[in-house]
Amino acid sequence: MKTLPGFRDLFPEDFARRRYLSGLWREAAGRYGFVEFDGPTLESSELYRKKNSGGEILGQLYEFTDKGDRSVALRPEVTPTLARMVAAKHREYPKPIRWFNVGTCFRYERQQRGRLREFLQFNCDLLGDATPAADAEVVALLIDLLRSFGLGSEHFAIRLSDRSAWHDFLALHGVESACAGEFLNIVDKMEKMPVEKTEELLAPFGIPLATIHQFIASGRIPALDPLLADLEARGLREFVRPDLGVVRGLAYYTGVVFEAFALQGNLRAIAGGGRYDRLLADLSDGSADLPAVGFGVGDAVLLELINEIPAAKSLEEKFLTSVPPVQIYLVIADEKQRAKALGLAQQLRGEGWRLAYPLGPEKVGKQFGTAESLGASHAVVIGSEWPSVTVKYLADRMEQELDHSALAVWLAESKALTS
RNA sequence: GUGGCUGUAGCUCAAUGGUAGAGCUCCGGUUUGUGGUACCGGCUGUUGCGGGUUCGAGCCCCGUCAGCCACCCCA
C-alpha cells in the first residue's frame with residue numbers, strides 16, 4: 001500500500017521540517033499582530049461555486065456527495081472559509097481584523113515538484129481597511145516571512161500589480177468593464193501564448209497588441225505609488241517590482257495583486273495574494289461588506305526552495321539540530337541499579353528534560369553510541385557507585401561525578417549555561 | 001487534462017537477451033563500565049504491476065500504475 005498520488009506520509013524527519021516552517025510562519029504573523037484561526041477542512045461545495053469565488057480552482061476541487069446527500073468539497077484554499085467566518089461575526093472584532101491560518105488544503109491536479117494534492121498553506125488576511133497602508137502591511141509581512149527563512153532579495157522578488165490599472169486602461173480605450181474579466185484572462189496568459197493567437201483573441205476588444213505591450217512596458221501603475229512609498233519607508237522597496245503582467249487567476253481579486261517568485265531555478269510562485277474587496281459581501285449576500293487583502297504560501301514550494309538555497313538550508317539545519325529527540329540519556333552500567341535509574345529517569349522527566357535510557361541490558365559502549373545518535377547533550381552513568389552518578393558532556397567528553405540528589409540542580413544550571 | 005523521460009534491496013545505482021550485484025543505511029560482533037573513525041559478520045528483492053515475443057526477459061513489444069520534466073494553472 002502506498003499513499004495516494006500527491007499525498008505524503010510525514011515521517012519524524014519530515015514532520016520536523018513542517019514544525020520549522022509552521023513555527024516561522026506563526027512567528028512572522030505574530031510580529032504583525034495577526035492571530036490564528038481555523039475552519040473546517042470540508043465545506044459545502046456551494047462555498048466555492050458561489051459567484052465570484054474560485055475561477056480555475058473549481059476544476060481542481062476535491063468534490064463528492066456525502067452520506068447525507070450533500071455536495072461537499074475539501075477546501076482548496078481558506079479564503080472563502082475566512083470570508084464566511086468574518087462576515088458572520090465581524091461586529092465582535094475591532095477593525096482592522098488581522099487573522100492568519102496554517103492549514104491543510106487540497107487540490108485535485110497532477111502532482112509535480114513543489115505541487116501536491118494535499119499541502120499545508122499559510123494564509124494571512126487583513127480585513128476592514130481598504131487603504132494602501134493595509135496592502136503594504138500584508139506585503140511587508142510576506143517579505144519578512146520569506147526573509148526569516150534566510151532568503152534575501154537575491155533569491156526572491158515580489159511582482160506587484162493592480163487590476164484597477166487595467167480597468168482604467170480599458171476605460172481609456174472604450175472597453176466596457178463587463179468584459180474586463182475576459183480581457184485580463186488573455187493578459188494573464190499572454191506571456192506564454194503565440195503572438196498570432198493573442199492577436200486573434202484581442203481582436204474583439206479593438207486594442208492593438210502593441211498598445212498593450214507598451215502599457216506593460218511603461219511600468220506605470222500610479223495606483224501603486226502609495227504602497228511603494230510605504231514599503232520604501234520600511235526599507236523593503238528592493239523586494240518588490242511593479243509588473244502589470246501579473247493578473248492572477250482567482251476571480252475574486254479586485255485591486256492590488258502580487259506574487260512572490262524565486263529568482264533562481266524554475267520553481268513556481270512561492271506565494272500569491274491580493275485585494276478582494278467584494279468577496280465578503282458576495283458570500284454573505286451583502287450583510288457584511290468588508291474590504292480585505294491577503295496572501296497564501298504553500299509548504300511544498302517553500303520546502304523545495306529551502307533545499308536549493310544553501311543559506312536557507314543551513315538555517316533550517318540549525319533549527320533541526322537544536323531540538324534533538326532527547327537531551328539526556330541514562331547509561332545503565334550496572335543492571336542491579338536499574339530500579340534506581342528508573343526512579344531518576346522519572347524525576348528528571350518531571351523537571352522537564354527529554355530523556356531516554358536502554359529498555360534492556362546493553363553494553364556501555366553501545367549505550368553511549370545510542371546517546372550520541374539520539375542527539376543527547378548529556379549522558380548520566382548509573383552504576384555500582386550509586387548513590388554517586390557520573391554526568392558526561394557528550395560534546396567535549398568532560399565528565400564529573402556527583403551525588404544523584406544533586407544531579408537535578410546541576411543539570412538545571414548547565415541548561416542555563418548552554419541556553 | 002496533454003506531451004516527453006524514467007521505474008532493479010530501505011536509499012544511491014550496476015548487470016552485451018543467458019544463474020540479480022555493489023556502496024550506504026540498518027542489525028549483530030571485535031571477550032564483558034565510556035561515544036560519530038576502523039575491521040568482521042548478517043538481513044532484505046515476486047527487477048512497479050499485468051500480458052506478449054523468445055529455448056530463455058531486469059533488458060525487446062503492448063497495456064497499466066507511479067514518479068520526474070514541459071504545458072495548463074497555482075501554494
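Predicted model: local features only at pLDDT ≥ 70, side-chain atom pairs only at ≥ 80, totals over all residues.
Colleague: Which domains does the assignment give for chain A?

Modeller: Domain 1 covers 12-319 and domain 2 covers 325-418. Taken over C-alpha atoms, the centres of domain 1 and domain 2 are 50 Å apart.

Colleague: How do I read the sheet with β13 and β16 in it? In what order do the strands run?

Modeller: Start with the general idea. Strands of a sheet pair through backbone hydrogen bonds, either parallel or antiparallel. Here 5 strands make an open sheet with mixed pairing, ordered β13-β12-β14-β15-β16. The edges are β13 (355-356) and β16 (399-403). Each has a single partner strand, so one side of each lacks a neighbour in the sheet.

Colleague: In which sense do β14 and β15 pair?

Modeller: Antiparallel, over 4 bridges. β14 spans residues 378-382 and β15 spans residues 388-393. For one bridge, look at Val 380: its partner in β15 is Val 391.

Colleague: Which strands does helix α13 touch?

Modeller: Helix α13 (residues 338-350) packs on the sheet and touches β12 (328-332), β13 and β14. Its direction makes about 170° with that of β12. Helix α14 (residues 364-373) also packs on the sheet, touching β12 and β14. The α14 direction makes about 175° with that of β12.

Colleague: And the helix pair? At what angle do α11 and α12 pack?

Modeller: About 105°, with the axes 5 Å apart. Angles of 65 to 115 degrees count as roughly perpendicular, and α11 and α12 therefore fall in that class. In α11, Leu 305, Ile 306 and Asn 307 meet Ala 312, Lys 313 and Glu 316 of α12. By class, that contact has 3 nonpolar, 1 polar and 2 charged residues.

Note on methods:
Residues numbered from 1 in each chain as written. Chains lettered and ligands numbered in written order. Axes fitted to C-alpha atoms, helices over the stretch in contact; angles between N-to-C directions. Helix = DSSP H or I, 4+ residues; strand = E, 2+ residues; numbered from the N terminus. Parallel < 35°, antiparallel > 145°, perpendicular 65-115°, else oblique. Contact = placed C-beta atoms within 7 Å. Nonpolar A, V, L, I, M, F, W, Y, C, P; charged D, E, K, R; others polar. Domains from an automatic or database assignment. Pairing = 2+ DSSP bridges.
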